Structure formats: C-alpha cells, structure tokens
Amino acid sequence: MIRKIMEYDCWFQCRVGVPLAPCAQLLSSVGLLEQSSILENAAAELSALLTKNFAVLSLRAEGKDTGTLIGTIPGLKARLGLELPPTKPDGFVIKVSDTRIIIAGQDEAGALYGVYRFFALLSLGKISAKTEIIDAPATPFRSLTHWDNISGDVVRGYAGKSLFYKNGRVDYDKQRLIDYARLLASIGINRLAIGGISGSGAGQALITEPMLPDVARLADLFRPFGVKLLLNVKFSAPYALGKLPTADPLNPAVAAWWKERADLIYRYIPDLAGFVVKADSEMEPGPFDYGRNHAEGANVLAAALAPHGGEVVWRCFVYNCAQDWRDQSIDRARSAYDIFKSLDGTFADNVLLQIKSGPYDFQVLEPVSPLFGALNKTRYTLELQVTQEYTGQQIDLCYLPYNWEQILGFDTRYGPRSTLRELLIDGKMSGVGAIPNVGLDHNWTGHTLAQANLYGYGRLCWDPSLSAELIAREWSALTFADASVADTVSELLLRSYPAYEKYNAPFGVCFMVTPAEHYGPNIEGYEFSPWGTYHRADRFAIGIDRTDSGTGYVSQYAPENATLFGDPATCPEQLILFFHRLRYNYVMHNGKTLLQNIYNTHFDGYDEVQQMLELWKRLKDQLDEHTYSSVLARFERQLANAREWRDQINTYFWRKTGIADDKGRKIYE
Ligand code: GCV
C-alpha cells in the first residue's frame, strides 16, 4: 500500500494502522488537573494529534484524573499524592500502567515536551504496557534565529518567503505559525529570534511602537508552546531610532536609551527572552566604531535587559571583511579567538556569546572553532546553520546531523570531559543556536528530506549524545510509514554528507564556491576579494600555512590540539588544507598524492550522487507521485551540481599542474 506523505505535517504523519494497544482505552480521554496555558495546550495537542493521526476519539477532560493524565511533577504530588522521580527543568516522566498513563513535566514546558515525545514513541510503536521514561534536555537554551527580512525575503533562505513578514509588515498565516510552533516544541526548541540580522533589511522597526503590538501577538502565539521570543537588534539603534548622535556604549545617554527601550519592549512582551546582536561584522555597526571592546558593547544592552530577566545573545562572528587579499599577515580564521578570548570574564552574567561552529563560516569541511573550551568565565553557546547556505541550499541532499555529531564530538582538550558534547551536558557551554531552514514552501524546507535537518537539530540540542544515525532512522520512520522506505531514506541521509564533502572544496581548503550566492563552484571566486577566505593555489601548492611558521592560528587551540593540527602527519586529512600549505605531490596516508586524492574524491563524489539518485528511483512504486517526483527533481539538480564541482575542480588542478589522473579518467582541458 502506498501511503501518501503529507509533507506539510513533517514528522506528524497519519499513523492509522499502528497498533495502539496496550493503551488504546487509556488514550480516549486526556485528563488535566492543573491550569496553565502551556498545560492546557499540552492536553489539547495530545487529544488533537491522537484524533487526527490515529483516528481515535480522544477527549480532553479538564479537571479530571482520567486515562491519560498530564501535569507537572509537583502538581501531581500536591493533588494526587503521586510520587514521581524529579528531573531537570523542561524534563518529563512518562509512566504507563494498567490504569493510567502519566505524562508529567518537571515544569509546564516539560509536560508539553513529554506529550510530544510520548506521541512520537506511540507513532513508532514504542509504547508498551510497562513504559517508564525519564528524560530532560541537556541544556536550557535551545534556539533558532530567523534571518528573515521584514520585506518578506529570507536571507540565506531556500524554502520560500518569510513565515512572519510581507512587504515591510508583520503579516502571517496564523495557523501556519501555530503549526510551526508545534514543530519547534515537539523537538524541544524554546527560543526563537525574529527580526532581520544584517543590512538595511533588518527588522529594527520591530522594537518601535508601531510594531511592538504585532510582536506581542507573535509572542502570544508561541507562548503556549513554551517558545519565548528573542529580538534581533542593531547596535546602532540609539542613533538610528533614538535620534541620539551616537551609539557609544560608554555614553550614559546611550545606556539610558537602551534601558528605556527595554522597559518599553517588556511592557508589550513581559517574557521576552532578550536580544540577539551581530555587531562589527559584515558592515554592521558595533562597539569598534567607538574604540570600545565587545564586552563594553554587550554589557550596555545586558544592563538594560537584566531587570527584566532578559539575556543578550552576542555573536562572535566578528571579522574584517574588507581585507587586502595581498596581505598575508591577516588570517580571518583567527578573528573570533583574537577578539573574544582576552575579554573572558568581562561580560555581564546575562550575556551569552554565540560562537559559530567553525572559525570561518559553516563550511562543509572546517575545523571546530578554538574558542570552545577556551572561555572559563563567560557564558557561551554553539551556533550552527540548519539552512543549507554552503551545503547545497536544499537542492542537494545534505544531512547535517552527520556533521554536527562530529562537531559535538570534538575534544577541545581543556581538562577532563572536554568535548563540545560534554561541555554542553555539564553546563560549561550554555546552549545552542542555529539559523533555521524553513519558509512558506508547502513542505517548509524546500527539499522534503531537509526536514530531517530541522528535526535533527532539535533532537541534538535536547540530547547531544544521540547519534546522527539514530536520528536519521527516527526521523525517517516518523515520516515514512513503510519500514523499507524508511530504511532507504535513512541510508540516503547518512550517505549524503560524505558525498557532498567529496565533490566540494577539497580537504578543508574552504571557499571555492560562487561568491555571494554560495551555490556551485567558482574556484577563484573569493581569491582576489576582501572577504579573507583564500586558498592561494599556484602551480605547485595550495592551502594556508596556519602553523606557527604561518599565521599562527593553530596555537589558538589547547596545546595537544595545536600539536595534532600543527603537523601534516597527524592533522586529520579531511582538514589538512585548512592548516597547511601543501605541494600537490604531498603523499597522503593512502599512499596517493594530494592531487590524485583531489581527483579521486571528486570523481567519487559525483558517482555517489549518481548512486543516491538510483537508490531514490527504486522507491518509485512505494511512494506517492508528488513526494517521489519532487525529491527526484532535486536529486537531478544535485547531480548536475556535483558534475559541475567535479569537472571545474579537476580541470582547474589539471590546468595548474599538468599532472594527469592516474586512472586516465576524463578531465576537461
Ligand atoms: C546574515 C554568512 C552569510 C551571511 C550571514 C552571516 C552571519 O557570512 O553569508 O549572509 O549574514 O554569515 O552569520 O551573520
């Protein structure tokens, strides 16, 4: 039987046919003894989902202790004397017995997360008569930052227009946003930043009175789902909006302006989570404009938010984007560490530094930023990119949790338990933020299989020890009811990142992508430009020497890592060109030269995509026509893209070196 995928419903597909026993009877009423908007929503969500997806009539029973009982652990103890094991904030307990199913949160949000987890497990056929689960998120801050402009365009968006704005106004489909809130809550996301991030399209208008009522309505919409809003604000607001002559953070009038503005905003949105700021980056204004440092910049906003319990998410993506490419003494990769490390301990307690995963910019193969683990007295978060800017723009299949698993596994070597995963779990890192991949496309993400990236992001924020494979299997099974289809889809997901790595810029050299647009190859597109991302290939060699005889970047890592990366013999080869300038005849671990490895990976990458496409074609008779053909069309475009990468890269190096492929495969002149 072909079951049609409702692409709009993402991981909430119809499950009619999945046996509800042993608890079918208990699901027919959903009891709630406590009152709060989140708990009421949790109960409403469960009954609605059961009715819609399992076709069982599940009635809400407010004020009653019936079949499936939803509540908080303290509330259930007070009302019914139930002793449930305590868990962490946002955590939950699920307990199935003969007479009752209990879904109890440590707090209200925890109950909601418990409901969605219960529903997912029920959909997967994993709830039994004895199920007992205690679960809690690793970290309290699990956020998404929208880069949507108020014009309705989405910066680096590949799934249609903005969910929030149209033509310079807050303008949205309310049901769509409720459905979005459900998706977010179901994977544990609890912060959502809105307002554009860069340039004139930024939504700084959102913090002005004509628009604050609109923002308040958005906050109302997300609140029952446990999602608090953050606002992207511009450092220049005091003069851009406030008619002050300056935004100097040490000027008392500027501090007073931010305080007044925060007071105003909180009158509309009392539970606003805070601000997100991109300063001194890519032409954005910032404290450097006044000779101030980034702690001075962040702290003035933090002081304004502190009385309201708000936080400042201050991005560490700060670098010189007006670099002279001739000048080899500047290394953009050094920037975040150079600027922020020495400020450790000078940020206010309600500042969270948000550090991009790598020192450059979400490249396919890029080392983890040396700033992780290096800050001891400052709260910080990891920044990832779910939207596929450099990873195929939701045309190419590229399953990002594969890469995030490696990032989380990176050992900073600062003391015991020093992988990013452990830093997060132990609370030394304060959370995770990312740029989402959604828009108004009916399937949310352009490429239907890119829904797995959004799902995987939330699941990893919740539990960073989950494997990419487990998440792929879980998402596939939730989305594709047929087990053999789900298996094939998981396989495709898991093969996709390594394939993408192979046909993209080789061995961590980064930026060989079409400038500005960032899709498809342009080998020298960034070479003679001000952006600071060069590979400096010549006839003999390629890459940047970032050892101490070069830019010294490698010494920003803890000594063990500096030693590891600093020697080509021990440096992970996937990243070797990020750290070293190597001659083409450099012999790699497999006994082949660097050049031959570049040729091989590019031929292989294309072949991989061809095989993935063939694998997808095998699903033709098991999928509905729309899902099948829309994904097929993307695979066909991906194959064309992989071919372009393969041929442009291989031809480029063949022309530079005049050294042929040892297998004699076709390389164009
Ligand atoms: C919104 C990259 C993107 C920019 C983005 C920037 C950022 O440079 O290309 O579009 O700006 O990252 O993270 O702020």
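## Helix packing and nonpolar cores

P401, W404 and L408 of α10 meet A452, N453, G456, Y457 and L460 of α12, where contact means heavy atoms within 4.5 Å. By class, the residues of this contact are six nonpolar, two polar and no charged; Ala, Val, Leu, Ile, Met, Phe, Trp, Tyr, Cys and Pro count as nonpolar, Asp, Glu, Lys and Arg as charged, and the others, Gly among them, as polar. Please keep in mind that this is a predicted model, in which local features need pLDDT of at least 70 and side-chain atom pairs count only at pLDDT 80 or more, while totals for chains, interfaces and linings use all residues. Residues are numbered from 1 along each chain as its sequence is written, and side-chain values use heavy atoms, leaving out hydrogens and water.

**Helices α10 and α12**

- Helix α10 spans residues 401–409 and helix α12 residues 451–462; their axes lie 10 Å apart, at an angle of about 25 degrees.
- That makes α10 roughly parallel to α12 (angles under 35 degrees count as roughly parallel, over 145 as roughly antiparallel, 65 to 115 as roughly perpendicular and the rest as oblique).
- Axes here are lines fitted to C-alpha atoms, for helices over the stretch in contact, with angles from 0 to 180 degrees between N-to-C directions.
- Helices (H or I, at least four residues) and strands (E, at least two) are DSSP runs, numbered from the N terminus.

**Helices α5 and α7**

- The axes of α5 (residues 212–222) and α7 (residues 252–268) come within 9 Å and cross at roughly 50 degrees.
- That makes α5 oblique to α7.
- L212, P213 and A216 of α5 make the contact with L264, I265 and Y268 of α7.
- This contact of α5 with α7 has six nonpolar, no polar and no charged residues.

**Nonpolar cores**

- The largest nonpolar core has 216 residues, of which I70, F222 and W616 touch the most other members; such a core is a set of buried Ala, Val, Leu, Ile, Met, Phe, Trp, Tyr and Cys residues joined through side-chain atoms within 4.5 Å.
- A second, separate core has eight residues, including I73, V93, I102 and A104.

**Around I101**

- I101 sits in strand β5 (residues 101–105).
- I101 is buried, with a relative accessible area of 0% (buried means under 20%, exposed over 50%, partly exposed in between, with a 1.4 Å probe and protein chains only).
- The C-alpha atoms of I101 and L26 are separated by 6.8 Å, although the two are 75 residues apart along the chain.
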